[in-house]
Amino acid sequence: MPEFFQSIHFNVAAETDESLKGIGSRPLVMRAGPARAGAPTAFDSDEAAARFYLSNIFARDTRGSVRGLTAPQNPQIVPDLQLRDSQQSPFKNTSIVRFVQTKSSIPVFGSRAIVELDDKRELLAIDAELADVEGVASIANLSPRQALENIAEKAAVKIEKLDRVAPPTLTFFRDEDKNNWHLAYYFLNVPAAPPTFFKGIKSYGGHRSIAASSPELNYLIDAHDGATLMYWSSSPTLVRCKGEDEDGHLREFYGEQGPEGTFVLLDTLRRVRTVDLRGQSIHTSALPINAVANAATVFENCEAAISAHYNASLVCDFLRTVLRRDGIDGKGMELVSYINCTSPADEPPPEWHNAAWWKQRMWYGQTKDGSGKLRSFARHLDIIAHELAHGLTEFTSDLAYFRQSGALNESFSDIFGIIISNWDPAQPYSGGDTATWTWQIGPGLGDKGLPLRDFADPTRTGDPAHMDNYDNTTDDNGGVHANSNIHNKAAYNFLVAKDAQGAGLFTPLDVAILYYQTLMRLDKLATFKQTLDTLLNIAGVYFAGDPQRRAKLAAVSEAYSAVGIT
């Protein structure tokens, strides 16, 4: 996070453990005094408890911009924080309360204040990024319509094309390059992109983002002069069935009895539906909704559909059993997969070298093998898990697809793609032994037969593996695909870390839970360093009482410092 944001990372366990003082980032400048001084005996809500602890911590910070968030007359009030949500964590019976900073009731883009409470509403940890907003008026000079007209002009489209764009909200935004504040209109899902947006969108072995042909962007437009400040792509009755997938494996899965004695690929337990687009374009105005049907419970000649249905079910099972999450959105949304998709804007049908999470659905193209047979991308579990993890990010931190936050967006998808594709269901309490894992994302799908990414050796695909080689480019939304490999390498170091005796320090289960909780706490403009700070803070709570706690926290720091993130 840029320097104009003040970081706070406070952990009650670490505060009382002198042996942990040197591990990780502790940018909070503390005064003397207990963190819970004057706490009421009971709170009416998690929000009330979180606000009390935030006020207490802010008052102990020596930085005036942080102390100024408190209300001296009533120390239990933190007036400039707006509640975002409160969620129960299934891992340690704790509550996560999330706030966003405001000024004049207007949210500050990229700010956050996260409070973790135990089951008695006592403080466990705080993570915050707060800013001193100054030098900018809070009243807009332009109307939302005028701002939208500026977008239309920049994207060279008629304003009528944008008539269905939802009204924007106001936000305070700090321009990192020019180091000044703006009052901005925040537009979501605008179906228009400036011509420069398409420059440098990276293609891996023909795998191309839908954003290149059907862009939907989020925009920040200065509410005073109409300048474009930032934009980025805004781009998861039961019957046991079986059938062969794309690779000839016999798979068992759940379907449902359909009309007239048929059976359909609709798993109402996991809320997974698989639909055949039958070679139509992903842009067709009349998308089919009926699931793939078969006359018997043994599905025949449905290899692509079975691959998509089975692999989507594996991802949903991982979300539910490992991350304790109810679907991609956390609220049980149906995961719809479309197979046999084409996109004439990208390449001539029937081939389409892609698998993508787009418009909150999964879309699978296909490519010809050596014999000329079409093979669906639905056969690649790591790619499916990667794409569905984009949906997970969309419904949690919603990382802006730009520069480091965009690289993190890609990296978290890679991390869950690697973990899910290597997960050993026979060892649900650990996830298996990483010594046997495959560390490639999309083996053979990259240029010249290489993988798309290689966790163990990012340089193999020509990508950076250390901050010394960070690519400060304007291409590809600020190098999101290339620079994601730096964080991927840190995650690899984390997953394979060993203790002094050579035994693994972390299980895949530990890593999956810690990264998931980190993803839930980050905000749109998160950086690599902020991710490390947050990860360490969460790990401090997660490993409380673990005799190897110090070694594990040190190993997390070392995993990141090895790639230049400190």
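Me: What share of the 566 residues in the protein chain is buried?
Reply: The model is a predicted one. Its protein chain contains eleven helices and 24 strands. The accessible surface comes to about 23300 Å², and 48% of that surface belongs to carbon and sulfur atoms. Of the 566 residues in the chain, the buried share is 57%.

Me: Which strands are the edge strands of the open sheet of four strands?
Reply: This sheet has antiparallel pairing and the order S7-S8-S9-S10. An edge strand pairs on one side only, and the edge strands here are S7 and strand S10 (228–233).

Me: By what angle are neighbouring strands of the four-stranded sheet turned against each other on average?
Reply: The strands in question follow the order S7-S8-S9-S10.

Me: Why is strand S8 described as largely enclosed by the rest of the structure?
Reply: Strand S8 covers residues 180–190. A residue counts as buried when its relative accessible area is under 20%. S8 is largely enclosed because the number of its eleven residues that are buried is eight.

Me: Which residue of S9 is the bridge partner of tyrosine 186?
Reply: S8 pairs with strand S7 (residues 169–175) in the antiparallel sense over seven bridges, and there tyrosine 186 stands opposite threonine 169. S8 also pairs with strand S9 (residues 217–222), again in the antiparallel sense, over five bridges. In S9, valine 190 has leucine 217 as its bridge partner, whereas the partner of tyrosine 186 is leucine 220.

Me: Which residue takes a positive phi in the hairpin of S7 and S8?
Reply: The hairpin has four residues between the strands. The residue with a positive phi, near 60°, is asparagine 179.

Me: At what angle does helix H4 run to S8?
Reply: Helix H4 comprises residues 144–155 and lies across S8, S9 and S10. Relative to S8, the helix runs at about 75°.

Me: Which helix packs on the open sheet of five strands?
Reply: The five-stranded sheet has mixed pairing and the order S16-S13-S12-S11-S17. Its edge strands are S16 (293–294) and S17 (298–299). The helix that packs on this sheet touches S11 (238–244), S12 (250–257) and S17, with its direction at about 85° to that of S12; this is helix H5 (residues 303–321).

Me: How many residues does the second, separate core have?
Reply: The largest nonpolar core has 90 residues, and Phe494 and Tyr515 are among those with the most contacts inside it. Phenylalanine 494 touches several residues beyond four places away in sequence, including Phe506, Leu514 and Tyr515. The second core is separate and includes Phe5, Val108, Val190 and Phe197; its residue count is 28.

Me: Is serine 430 buried or exposed?
Reply: Serine 430 is placed in the loop between helix H7 (403–422) and strand S23 (440–441). Leaving aside residues up to four places away in sequence, serine 430 touches Trp423, Thr507, Pro508 and Leu509. Because its relative accessible area is 17% and the limit is under 20%, serine 430 is buried.

Technical notes. Residues are numbered from 1 along each chain as its sequence is written. This is a predicted model: local features need pLDDT of at least 70, side-chain atom pairs count only at pLDDT 80 or more; totals for chains, interfaces and linings use all residues. Side-chain values use heavy atoms; hydrogens and water are left out. A nonpolar core is a set of buried Ala, Val, Leu, Ile, Met, Phe, Trp, Tyr and Cys residues joined through side-chain atoms within 4.5 Å. Buried means under 20% relative accessible area, exposed over 50%, partly exposed in between (1.4 Å probe, protein chains only). Contact means heavy atoms within 4.5 Å. Helices (H or I, at least four residues) and strands (E, at least two) are DSSP runs, numbered from the N terminus. Two strands pair if DSSP finds at least two bridges between them. Axes are lines fitted to C-alpha atoms, for helices over the stretch in contact, and angles run from 0 to 180 degrees between N-to-C directions. Accessible areas come from the Shrake-Rupley method with a 1.4 Å probe; for residues, only the protein chains shown count as cover.
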